[in-house]
Amino acid sequence: MFSKILVANRGEVAIRIIRACKEMGISTVAVHSTADRESLHVALADESVCIGGPLPSESYLDAGRIISAALITKAEAIHPGYGFLAENARFAALCKKHGIEFIGPGADVIALMGDKDLARRAMKKAGVPVIPGTGVLGSADEAKKAAEELGYPVVIKARGGGGGKGIRVVSSPDAMEQAFHTASREAQEAFGDGAVYLEKRIYPARHVEVQILADETGNTVSLFERECSIQKNNQKLVEETPSPAVSPRLRAKLIDAAVRAARAAGYLNAGTVEFLLDKDGNFYFMEMNTRLQVEHGVTEQVTGMDIVKWQIRIAAGVPLDVKQKDIRLDGHSIECRINAGGVGKVSFLHVPGGPRVRFDSALWTGCAVPPFYDALLGKLIVHAATREEAIRKMQAALCELVIDGVPNNIDDQIAILSDPRFKKGDYDTSFFA
Amino acid sequence: MGLELFFRKPKNELEKGGRGRPRNAEMEYELTVACPACGYETPQSALIENLHVCRCGHCFRMSARERLMYLTDRGTFTELWGDMESEDILGFPGYPDKLESMRITSREKEAVICGTARIGGCACALFIMEPYFMMGSMGTVVGEKITRLFEYATERELPVLGVTVSGGARMQEGTLSLMQMAKTSGAVKRHSDRGLLYIVLLTDPTTGGVTASFAMQGDIILAEPGATVCFTGARIIEQTVRKKLPPNFQKAETMLQHGFIDMIVPRAEQWRVISKLLMMHRRKEAQG
């Protein structure tokens, strides 16, 4: 096992990783920007290195500085968390080059899944259903022809895409020309690659993803699905598992497709295969996230498996101690993302407690929320025997959570949980439409 | 704040199983530097050994002290006026802080180092500008040190070698910076009138008021491959004339074609070429 790990992230995910390391007896190195000097992740780690200014580009996105910090502190592995450099193939390759284990899949797999066109083709070849669509398109006319065959509405997507950039919904042939050019230009600006392709638009649909763990021996297991359809501006707000829309039969099919997708990519470590599920129960591969997901906590609650610890063990070459048939889905778990609506300083913090209530956060009374980073303040996670009980528990926990001094979305979350559509489990990505 | 003082450290034993340090970690690893011209990543130690030149020939920026190491004979350099420091004469906002941070990061007191040394056995006076101190910009102290060096060399009949790298006159010192152009040029002229040799080596970038004064007044003007040598930067010219500029615009190679400089010398050749030039121009009385 590694004796020292550098955590190349900040906020709640850095703390989540440090906590796992503490349990495993592994020393930790935190890296931080000048704005995060007094952060909880720095205080909890055994060592810390300041790697630059407050802007992510000056610190958490600077691969060279992070590698330097790992070399100076003699860290044996780097856990990238999520966001920042977590899905950067170059960073993963750089770690390897410097004799540091990157806790995640290999650089080649990250690169494959980062190229949406290549990933689609690989999945199609492996027999995983993909959204009907095209390869990379050369011109707007070509796109028009392809769209006629697929049937409107269609979505133009960027090959190098992510974060909603270079995506355009086109409902009629008249709008194609302009949408094609703006999407291509936006993709060129955001990713340095203007190549775009078409997909049939599946809307409304449910966003369902499947958690995967794969070890060096080739044992690839799925930790079931997560339902993430409650989204605003492409940002997930509430996640739950199991999905109210997935029957045991559909679950078996989803797991089979996700495991096949992971095997086809030669996947190692933890990853997530995202699917769109339409109202007729058809599902399509969307993308594979080659990292820890923000919402991994709900899966941990219902399976009893610590995903972060397993990421570290798999990176160290420890084989999984379970087969697919041993993994049980126990009860129901819901997560609410508590986001900041602005900057501020926490003047009073009260965290709810009680059985099976978990709050993953980097907040402490007196801490400042700087403007430079993601708005996530914390993740409130509950676990209960049934979905109904889990909703009740979450309602109670949300009402008990107090974060004074920083504008936040606790009230919005209470409203979502009280929405009849949510209570019935009858919702999709058009929830806020 | 000392938040860490609140927490105790758990004493869990290290989990067993798996590998520790990755298999290939016994090797010595070190940082690499990516070349902006060809993208090749050279290990830092190899780059230092190769005088900060990539295998494609791209010359990375180099500090003044590092240049001293390869340009002069070992142990012969004596620094002059090393304690002179700039002051914020005009009360320019943020200048004192800028100076302080530059002193810390560059470990130099000013943007030029002056002194005497031997190159291939020939005594000379030399100044080397420091790119890591406000991009070698010329303020009153830089101007004064260079003027003093030429006066010192004139008095002792020494040739002068100058290595330039500069963003031009230092804007934080306003007109006082611009005045240095005339002052240094005067000193160069008096040195020249005594029939003494002045060799200048232009490195990337040599621009603005430095180009417009002592950088282009050498008897022999050498340049590093690919160095930008100009008065006004290409971006400003492009914005003003609203035309795309030709490739290699303001590069040393173009300057050579148009007769502004005499020779382009790769870093590895510089000591040999300069010592040869100094040897050829050695004055009779100094030879004995």
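**Strands, crossovers and a chain contact**

Guide: Let's start in β7(B), where Leu202(B) is the bridge partner of Thr164(B). This is a predicted model, in which local features need pLDDT of at least 70 and side-chain atom pairs count only at pLDDT 80 or more, while totals for chains, interfaces and linings use all residues. Residues are numbered from 1 along each chain as its sequence is written, and chains are lettered from A and ligands numbered from 1 in the order in which they are written.

Visitor: How do you know that β6(B) and β7(B) pair?

Guide: Two strands (DSSP runs of E, at least two residues) pair if DSSP finds at least two bridges between them. Six bridges link β6(B) to strand β7 (residues 198–206) of chain B, in the parallel sense, so the two count as paired.

Visitor: What makes the crossover between β6(B) and β7(B) right-handed?

Guide: With the strands pointing away from the viewer, the path from the first strand over the helix to the second must run clockwise. Here the chain leaves β6(B), passes through helix α5 (residues 174–193) of chain B and reaches β7(B), and this β-α-β crossover is right-handed.

Visitor: What stands opposite Gly162(B)?

Guide: Phe127(B) does. Strand β5 (residues 122–129) of chain B pairs with β6(B) in the parallel sense over four bridges.

Visitor: Why are β6 and β8 of chain A at the edges?

Guide: The open sheet in chain A has four strands, ordered β6-β9-β7-β8, with antiparallel pairing. Strands β6 (133–136) and β8 (168–170) of chain A each have a single partner strand, so one side of each has no neighbour in the sheet.

Visitor: How many residues of chain A are in contact with chain B?

Guide: Contact asks that two C-beta atoms, placed from the backbone, lie within 7 Å. On that basis 23 residues of chain A meet 21 residues of chain B. The elements giving two or more residues to this side of chain A are α1 (11–24), α2 (40–44) and α3 (63–73) of chain A, where helices are DSSP runs of H or I with at least four residues, numbered from the N terminus.
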